[in-house]
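Hi there,

Here is the structure I promised to pass on. Please have a look, and then read on for what turned up in it.

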Amino acid sequence: MMVDILKLAPKIIYIDFSVNTKNLLKLSRQLKRLSTLEGVPIVGLVESKKYLRECSASGVDFTHVKCGEIHDVIYHPMYLAFEKQVVKPSFAKGKFKVPFTASLVNDFRVGYITPDTIRAEGNFSQSVGDVIEINTSFPRETIPSKQFVVSNVTDNDLYYDYDYAYDLSIKFVSDPVISDADLETANALEDPSAKANRIEELKNDLKIRQAEHADELRVCKKKHETWLEDKISFSKPKKTKILIVDGEMTFLDSVKSPLDKFGYTIRLQTVLTEDIGSLRRLCPHIINMNLISKNFLKEFNNPELTLLEKDALAEELKTRETNSLNHLGRLIKRVKTMENYTPFIIVFNCLNFTSKSLQDTYEYPLIISHRGNMDLDYILKMASVFEKKQVDNFNAKVESKIASLRKKDPKKYGRLTKADFEEKRYYVSKSDDLSFLSIKHEVEVLTISETEITFVSERQLSPSTYRFDMPLNCSITIVPTDGNYFQTDGPNFIYKAFIHSVDEIDKKDIRKYVNDTFFEELNKKRDKELEDFKNLNESILEEKKEADGGAKAKVEALEEINAHPSSTDVQEQSTVEFSRKVKKD
C-alpha cells in the first residue's frame, strides 16, 4: 500500500482507522517518516473518541471523529497543503479582553524503564535539573509520586518521532515540605507566641515526615525493582536499528511479513535530506541505500533498446552514479562528525565499484558494495552478523573487566558475573498503556472560533499536535501563517492552531462557548444594566417602605390620642364646646 501511495504522489492523505486498524496504524507511522511526503497532511478518521489517543500517536496531523461535521475534515488539510489558495472560513471569532489560562498537554512515550530512570521521548524542551510532574500509568504502589527529575536531554538516537529524548530520574516519593497554605496560616497569627509555636509544630511534623519518607522511599524502590525484574523476563528488546533508503520502495514487493515482526528496528526512508535528519534522529547501526534505482536498471537492461537509446541511458547511468556517490560522500562526512558512531553502510545496485574501492575513496572501512538489488533477506543476515559481533565484543570486555577486578581483590569481586555489568531495562511495548505519558504546560488563550484558536506560550513549541484542556477537551495542531509557525511578542511566542478530535456534541459546545465569548462585552453590559435596574428597584422599594412607615406612624399616633386623651386635651375640648354653645346662644 505504501508503494502505491508513493506512486500517486498525493497532496493529502486520509486514513480511515475504523477498519484494519492495526495495519493502518503502522502505515500511518511509516508514511509520516518519509521525506518524500514531508508537508503532506495526513488525516485520521475514527468511529468514536475512544480511539483518539492511539490514532493520534501514529503521527497523523489531524484526527476527526466521523460524524455530520465535515467542514474541518476538508479545510484543515487543505490549509496545510494549499495555504495561499484555500478560502478562509468566516466563522465568528471570540477575542478575550483578558487572556485566560489553559493547559496544553503533550502526550509523549516511554522507551524503557530502569531501576532508577525512565527513557522517554516528547516535544517539550526540558533542561537538565528540571523537576517535572508527569501523569503516568505506572503502578502507584511502586511509584506514588508524579515527580521526575530531568537528568539528560538529547535530540539524537530516538525511537519515536518526537523532537527530544529525556532520561528522567524517578523520585518515587515526593519530598516532604511544609505547604505554603500552612505556612501562610501560621504567619497570619497576630500573637507572636502563637505564631512561633505553630511554626515550630510545622517543623517538628516535617521532621517526622522526613523520617517516614526515607523508609517509604526504600520500600518503593525495592518494590519497583521486583516489578521491573518480572517485566524484563517478558521483554524482548530490539537492539539493532536498520535504516533502508529507497526512493521507490520496490524491495517491499518481495517482503512477505510485516517489518515489525523481525527482531530488529527497521526504519524506511525515501531520501536522506541534506541535513540527514533521519540519520541524526535514528542513529541506525546499518544504513542501506541504492546507488542506482531498480527501475532505472530494469529499463537500462531492456534488450529491446536501440543503440541510440542504450547510449543515452549509459550517459544517464554515469550521471546517476556521480550524484549517488556525492550523496554517499556527504553521508559519510556526517557520520564522521558524530561522536562514537560508526555504522555499516551497504550500497546496493553498485555495478562498477568494489567495497575496497569505496572504502579507500571515502576513508571509511565499514562500506559494503553489493551488485544486486536491495534485498531484505541480505540486510537481515548482515544485521545478524553485526549483532553477534556486538554481543561478542561486549562479552569479551566484561570478561576482561571481571578478570582484572578478581585479580585485584579476589574476596571482594569473587562473585561478579556478566549480569552485574548489564543495565536492567524493561523495553515497553508501544501498545502498552505504560508507554503513554503526559505533561502540562500553561498557555494564555487570545482568540477562539469553532475551528481555530490562538494562544501565547512562554516556551517555544514544536509544530505538532497537543491536547488542550480548556472549558472543553479537544486536540489542537499548530499550523503556519505565511510559512511561519509562530510570532514573537517580547519573550513569548504566539501560535495559531486548528481544533480537532471532537464529535458533534463537542462541536455544539465549542460554538456555544465561542458565542458566549463573542458577546462577552454585550453580556457584561446587559448584566450590569440588569444589576443597576435591580439596585434601583430595591432603592425605590426601600424609600417607599420608609415613606409608608412614616404615614402609618402618624395614623397610629392619632388613633392613640383619640383612644386615650390627656387632661390638656380634655380641657381644650371643653373650651371648644363652651365656645360653640355661647355662639349658639
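**Charges over rings**

Arg109 sits over the face of Phe436, 4.0 Å from the centre of the ring. For a charge to count as over a ring, NZ of Lys or CZ of Arg has to be within 6 Å of the ring centre and within 35 degrees of the ring normal. Arg459 is placed over the face of Phe124, at 4.9 Å from the ring centre.

A note on the ground rules. This is a predicted model, in which local features need pLDDT of at least 70 and side-chain atom pairs count only at pLDDT 80 or more, while totals for chains, interfaces and linings use all residues. Residues are numbered from 1 along each chain as its sequence is written, and side-chain values use heavy atoms, with hydrogens and water left out.

**Aromatic pairs**

How many aromatic pairs does the structure hold? There are 22, where rings of Phe, Tyr and Trp (its six-membered ring) pair if their centres lie within 6.5 Å, and planes under 30 degrees apart count as stacked, over 60 as edge-to-face and the rest as tilted. One to look at is Tyr112 with Tyr427: the ring centres are 5.3 Å apart and the planes stand at 55 degrees, so this pair is tilted. Tyr112 belongs to strand E4 (residues 94-113) and Tyr427 to strand E14 (residues 426-427), so the pair ties together parts 315 residues apart in sequence. Helices (H or I, at least four residues) and strands (E, at least two) are DSSP runs, numbered from the N terminus.

Are these two tyrosines buried or exposed? Tyr112 is buried, at 13% relative accessible area, whereas Tyr427 is partly exposed at 31%. The cut-offs are under 20% relative accessible area for buried and over 50% for exposed, with partly exposed in between (1.4 Å probe, protein chains only).

Tyr159 and Tyr160 make an edge-to-face pair, 5.0 Å centre to centre and with 85 degrees between the planes. Here Tyr159 is partly exposed at 30% relative accessibility, and Tyr160 is buried at 9%. There is also an aromatic cluster, formed by Phe455, Phe468, Phe486, Phe493 and Tyr495.

**Salt bridges**

Across the whole structure, 29 salt bridges were found, each being a side-chain nitrogen of Lys or Arg within 4 Å of a carboxyl oxygen of Asp or Glu. In one of them, Lys507 meets Asp72 at 2.5 Å, N to O. This pair links distant parts of the chain, with Lys507 in helix H13 (residues 504-518) and Asp72 in helix H4 (residues 71-81), 435 residues apart. Both partners are buried: Lys507 has 4% relative accessibility and Asp72 has 8%.

Lys388 and Asp392 give you a local example, with a salt bridge of 3.0 Å, N to O. They are 4 residues apart in helix H11 (residues 376-408), which means about one helical turn separates them. Lys388 is exposed, with 53% relative accessible area, and Asp392 is partly exposed at 36%.

In another salt bridge, Glu422 joins Lys418, and their closest N and O atoms are 2.9 Å apart. Glu422 is partly exposed at 37%, as is Lys418 at 34%. Asp16, Glu47 and Lys66 are linked in a salt-bridge network.

**Spaces in the model**

On a 1 Å grid over the protein atoms alone, a cavity is a set of points where a 1.4 Å probe fits but cannot get out, and a pocket is an open set with protein on both sides within 12 Å along at least five of seven lines; lining residues have an atom within 4 Å of a point. Grid points are joined across faces, edges and corners, and a volume is the space filled by probe spheres set on the points.

The count is 1 cavity of 30 Å³ or more. The largest cavity has a volume of about 30 Å³, and its lining is made up of Phe108, Phe124, Gln126, Ile132, Tyr166, Leu168 and Ile439.

The second largest pocket holds about 420 Å³ of space. It is lined by 15 residues, and those closest to its centre are Gly247, Thr270, Val271, Asn290 and Ser324. Strand E11 (286-290) and helix H9 (307-337) each supply at least two lining residues, with H9 giving the largest share, 3 residues.

Best wishes
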